[in-house]
Amino acid sequence: MPSTPSTLGDFIVLPISIPPLPSFPKPTTHYLYLRRNTPKIPIPSDSRSLFLTNCPVDSTDLHLRSLFASLVGPGRFESASFEDERKDTAHKLSPLDAAVPVNAVRLLQAHGSTNKKRKREEEEDAERSREDEAARLPSTWTRPLRKSGSTAIVLLADEKSVEQVLKACAKLPKTKKYPEWGAGDVASKVPALGSVWLKQHNRLCYPDPATLQQAVDAFSAVFARREKEAAEIAKRLRNEPDEDGFVTVTRGGRNAPASRTEAEEARKKMVERAEKKRQEMEGLYRFQLREKQKEEQEELLKRFEDDRKKLEAMRMKRGKFVPEA
Amino acid sequence: MDSGPAKRRKLDHSQDGAEKALESAVSTGGVSRSRAFILEAEELLEEVRIDYKTAFEGADQLLHKIKGSIEAIKSREPLPIIEAATRFEKKSKIKIPFPDPQPPKNSNYKVAFAKPAQFNVVGSYVSKTMVKTQKEHSVDMIVVLPQEILQEKDYLDLRYFYKRAYYLAVVAKALQKEFGNQGQLSYEYLNGNPLCPVIAVQPKAPEAKEEDSKNARLQYRIRIIPCAPEGFFPKGKLHLGASLVRRGRDSESETPAHPTAFYNSTVAAEGSFFSYLKLLRQTEKKCAAFKKACILGRTWLQQRGFGGDISKGGFGHFEWSVLLALLLQGGQKMGHAALSTSLSATQLFKAQIQFLSVMNFSEKPCVLGAENVDLEDHIESGPILYDFARQLNIAFKMGAWSAALLHQHAKWTRNLLSDSSADQFTPTFILRADLPSHTFDLFAHLNYSDVLDEVIGNDYSESRGRIWQLGSKVYRVLKRALGDKELGERARVIHIQTPEQPKWSLSEKPKDQTRAALEVGVLFDPANMSRVVDKGPSAGASAEEKEECERFRRFWGDKAELRRFERDTIRETLVWKSTTPFEICEEIMRYILALHLRIGHLEDDISFYGNGLVDLLSIKPADTTLYNVARKEFSTFERDIRNLDDLPLRVRQIAPVCPELRHASVKPPVFGSLKSGPRPMECVISFEASGKWPESIAAIQRTKIAFLVMIGNLLENSKQGVKTHVGLEDAHFETENLAFLDVIYESGPAFRLRIHSDLEESLLERQVKDKTQEQYLRQRATTQLATFRRLYTNLPLHGQTISTSVTRFPALSPTIRLVKHWFNSHKLSCHFTDEFIELVVLHVFLSPYPWDAPSSPSTGFMRTLLFLSRWDWRSEPLIVDSGNELTNSDRTTISTRLEAWRKIDPSMNHTVLFLATTQEPSGVAWTTLKGEAKPSKVVAMRMTSLAKSACKVIREEQLTLDPKRLFVPSLKDYDVLIYLNAKVVKSTLKTYEHIDPAAVESSSQNGGSKFKNLDIVTGEEPLPLAQHPCDVLLEQLNRVYGGGPLVFFRGQAGEDNVIGAIWNPGMQVRTFRAGMLASYKPLKKAKNNNKKDEGDEMDVDEDREEEKVEVEMNREGMLAEIARLGGIWWRGLR
């Protein structure tokens, strides 16, 4: 490929040669684009990480490891995090985050764990990830796929490695020796795709009931704890004035605040009663009847107009009124 | 309470325009729909109107010229008929169109020619009631034969018609001379009546200079119709019972002569042109809307294939207008007119339809203009619609079958016009309702040429020809066989189509039509047609009963046998071997026609059409049993669950939610297949309301898992031979449904259970409404709520709707299966929900206009395609009202909702098809899935275009169509084709709990211990399929590429081994940025001057200007990726 540009914007183009397969017997080239990682919110490891985009859909840690090994030799690659995985942590609630009673979300946010967290943050974090792990349901895939054209961040051993990688990439167009995807023994190390992958998926869909029960139990434990915490906070709040000296009024007995469902039901009943009353009053006065008649007339007029409009619209689409031959 | 004055005052103050509109709104009737009907009918009248000046340019002059040249013909002296004919034919090359039988050689009466007594132009040219869409436009001129050449006795033995033919030939000769070079002259039969040939003058086509313009000249022709002088023949002699053709049966004079009703009526009609012309003119004057009503009637008849021609049923515009005129005239019952002259055109039209739907004049004579006239005796000869004043049976050209069909069509249209919720206009006037494949469940071609002479012989007493006579015999036999009320009518309509007689040139004899096939159409009564045993009269001892049995035996021949039934009754019985309604009908027809008419002794004498579709899918009556078995197994399952003692909550309902359990899957459910792991049928379980559910969606989901595990354990403990597995959904969020329980019975059936929790719904609702939440969370909650409602509320109700409808319409279930098969074969089904297809078919059954609900799968399928091809989903919602519960205002609301959607989302990215039902008026439950339109706009357009081309093929090829052709996908439309390796797919269908497929794979690759594996395999039951692997793969492909570069198409999982895909043309070239939706490669030309030293890396500032770098889709790269995903799963990619 003579005129493939070596850079695209601030990205360096990294062509990868894809070996042919029996079902698609044609060698092809995939293009990976990479640059230094410069996220909006910097973190300490930025200087030794690379930002990749247009990852192949079957990328794995191992694939990238072997790719970088072929560029700058082994031992430089530390880890890779893919876009959907990062999204997972940002958007998808971990089971632990989800294990919060609905009515207590705000309570906990405002008054709950904050001060506690400050105290023993690290300890808490470790505990948290342990619990999270326990509560998580087993995955049903041996190997996830990436969305087409998605991104990844690769963490390398040190800043020097980053430089080396970028240099190596820049040299590629001269040598025309593109690294091969899944070179070496990657294929045998990663779980296979295809029919085995699908079979595995079906198997993994039916996990061991005991494992399942454990995950559910772990979750329930956390949930119960949170529920209790929330109840305590709510109870405390009822007795404690806040900074401005106000006491939050919460409905319910001495022990627990009323559940939200109850309140909703009460409201529904009230609305119903109002509606019934309104209906009874209808048609009682002469002005109501008159208004009703007028409304009906207007409605009639409106519908007539509507019909006309509709007809007009149909006329625009010609041929509607000619019998089919 | 008197609110009158107040109201009036208010009205006075309203504005002028509004008041007028109100007035017209009120005057045109109350209901919105019928108002629309009136407006649309007005529009139709405007659209089909002919501008007579331009359309019939030159017609008047031509008529004058013709008149002149006829008047100029010299008189011919009377000569004996044979002599005159031979002399005439020798001199000119023109044949005299004598009707059959030809005049006898020894007759001595004389024919002559003299100047016509009178000329006149009649028909719809004078009344200006022709329409543009007519097939042929003709201007009718009558030429009245002078009295001096006729004798009063001429009405006997076709003598009048011989004279008429001679007269016509003389006129033809003169006109040939005069106009031979200006146009084309030919003979044709007036209304296909072989007694009345006429001359047609077709003027040469004008120079085609303005063919496209709307008001171009029409291709009209002028017909010259000789007729008898008014009142010349004594009406009294021409009554329906008279036998006026006596010749040819002298030898067997002992037998009483048959009445020749048709002949008599033709003679009577010959003398009444003027009186009908007068009648129509008078009515036109009296009733302003008469003409318009006639045009509407003409259109209605035309769309149903009716016309004045005998082969078209013998009921055309003329009969329609005369009937209407008679109804408008006084002298009906109690001396009043049936209809008021002040009615509007649409009202007149509706009234006439009402009349036709009530009066079945093929069974009971209908006399207009007099009371107490008994014509019962003559009904055998044909339908009677008797105009007493003019002593003519208006329906004399109709066969019993065409009258029955007309009656049926009128009934259907009446039903339509009284259904205020349907679109009344289009089915009434626009749709073609005469295609046999749409109308009849069975269609047969009879090849009768061998038996015609045998059955009919040289019997000319029926003037409509021998074929017609045979047709009527066939009808009588079939009517008795299939429409026997005692046995239970198998057929609702039996229709006979006789061949049409085309025009022929002046120098020839009329073309022999005996080669053309006789066509028979049958419309089933689905409840009775599938009956295998007919119970005839009981074989009692009384004389009456004996006679009954004798008659039965005489008709059914050897097929009738005595059988003993319950309560010791012994009856004459018929037992048919076939099983499906179609085959039974075929068997009966073959048997009875061979028995009575000797048709069908040879296999190919009768060819049947209409079953091809059913054969294609091999739909069997036994399938119903399989579905019922599945239902029964489900009840067992339900009982087992309900019988569990230790459940913490009481079960409220277990509802099936899969097509197998509502008779709607393409293939009926089969249990215990060895080829794959069990494929559970999906159900939903709901419990009584409880406060025990935790107040968090995630916690509810977890609780459900615990619940499922518990139910599984309880079931396994309480029932022998039940195996359960808790399976995980492919969920992305903790708040989604996470798991299901598969219950597998040893005997084969398997069920999948999901738990419904009512608290989940209210929590989701609260999240959707919560404005303080972040937008993406609310969006997600909305999608989840939709999914929730779909699964737990809508699907169970839908299942009920379909199940009840299936019992109501026997043809519904096979039609649904056929339509689904069609969607599958065109690789559309992965874009449509099952429920959508089912509801579309249901709609065709609930709103079947202009017909009745389909009574066989093939008509149901054809009409569904017709509906799909015509559905303008951009602006019309599809409303399926299975319970007949929606009010008009509900419907308006639904339409408004669609309009609102279109306003919010004009490019139709989120909402495309809109399908509202009684239970689900929101309209998007079945056409969106997980927040995405299903199908998308592109796919919906493809559906419409596929249905359109299918309908076109059906219309063009009619019965010769091979139904397979409708199911052949056009693979060339796809950019990419992925071929599945069927063997590998099959192997993927079975997985085991304790066998790691990766290990098996590697060990078998190493050539290792195959047998060890086998040992384990034999001992273990395969796991159920969480999802069909093809579906899983497609889902993954869609996740990876979906919404972006590729749109995938595929039919049913496991059946269709080719996946088609289309590149998104809009994403071909894009500006480069991070995180695009597809794999891209750099565009080669994008190389700029910016090529720096490679070592210098990128300089952010420098590259700013180059930020809009374009990249191209890396198609091959993506195909290679797909190939890697599939591995040996693919057989190939293209």
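Reader: Before anything else, what makes two rings a pair here?

Author: Rings of Phe, Tyr and Trp (its six-membered ring) pair if their centres lie within 6.5 Å. Planes under 30 degrees apart count as stacked, over 60 as edge-to-face, and the rest as tilted.

Reader: Which rings do such pairs link into a cluster?

Author: The cluster holds Phe37(B), Trp300(B), Trp320(B), Phe349(B), Phe425(B) and Phe429(B).

Reader: What kind of model is this, and how are things labelled?

Author: This is a predicted model, where local features need pLDDT of at least 70, side-chain atom pairs count only at pLDDT 80 or more, and totals for chains, interfaces and linings use all residues. Residues are numbered from 1 along each chain as its sequence is written, chains are lettered from A and ligands numbered from 1 in the order in which they are written, and side-chain values use heavy atoms, with hydrogens and water left out.

Reader: How many aromatic pairs are there over all chains?

Author: The count is 52. One of them joins Tyr160(B) and Phe161(B). That pair is edge-to-face, with 5.0 Å centre to centre and 70 degrees between the planes.

Reader: Is Tyr160(B) buried or exposed? And Phe161(B)?

Author: Tyr160(B) is buried, because its relative accessibility is 0%. Phe161(B) is buried too, at 1%. Buried means under 20% relative accessible area, exposed over 50%, and partly exposed in between (1.4 Å probe, protein chains only).

Reader: Which charged ends sit over rings?

Author: Arg464(B) has its charged end over the ring of Trp468(B), 3.6 Å from the centre. For Arg480(B), the ring is that of Phe555(B), and the distance is 4.3 Å. The rule wants NZ of Lys or CZ of Arg within 6 Å of the ring centre and within 35 degrees of the ring normal.

Reader: New topic. How many helices and strands does each chain have?

Author: Chain A has twelve helices and six strands. Chain B has 37 helices and 34 strands. These are DSSP runs, numbered from the N terminus: helices are H or I, at least four residues, and strands are E, at least two.

Reader: Where does Arg652(B) sit?

Author: In strand E19, residues 651-656 of chain B. Arg652(B) counts as partly exposed because its relative accessibility is 47%.

Reader: What does Arg652(B) touch?

Author: Leaving out residues up to four places away in sequence, Arg652(B) touches Arg642(B), Ser686(B), Phe687(B), Glu688(B) and His756(B). A contact means heavy atoms within 4.5 Å.

Reader: How far is Arg652(B) from Ala325(B)?

Author: Their C-alpha atoms are 65 Å apart, and 327 residues separate them along the chain.

Reader: What about confidence in chain B?

Author: The average pLDDT is 84, and 89% of the residues score at least 70. pLDDT is the predictor's confidence in each residue, from 0 to 100.

Reader: Where does pLDDT stay under 50 in chain B?

Author: Residues 24-31 are one such stretch, with 13 contacts beyond four places in sequence. Residues 249-254 are another, with four such contacts.

Reader: And what scores does the complex get?

Author: The predictor gives an ipTM of 0.81 and a pTM of 0.88.
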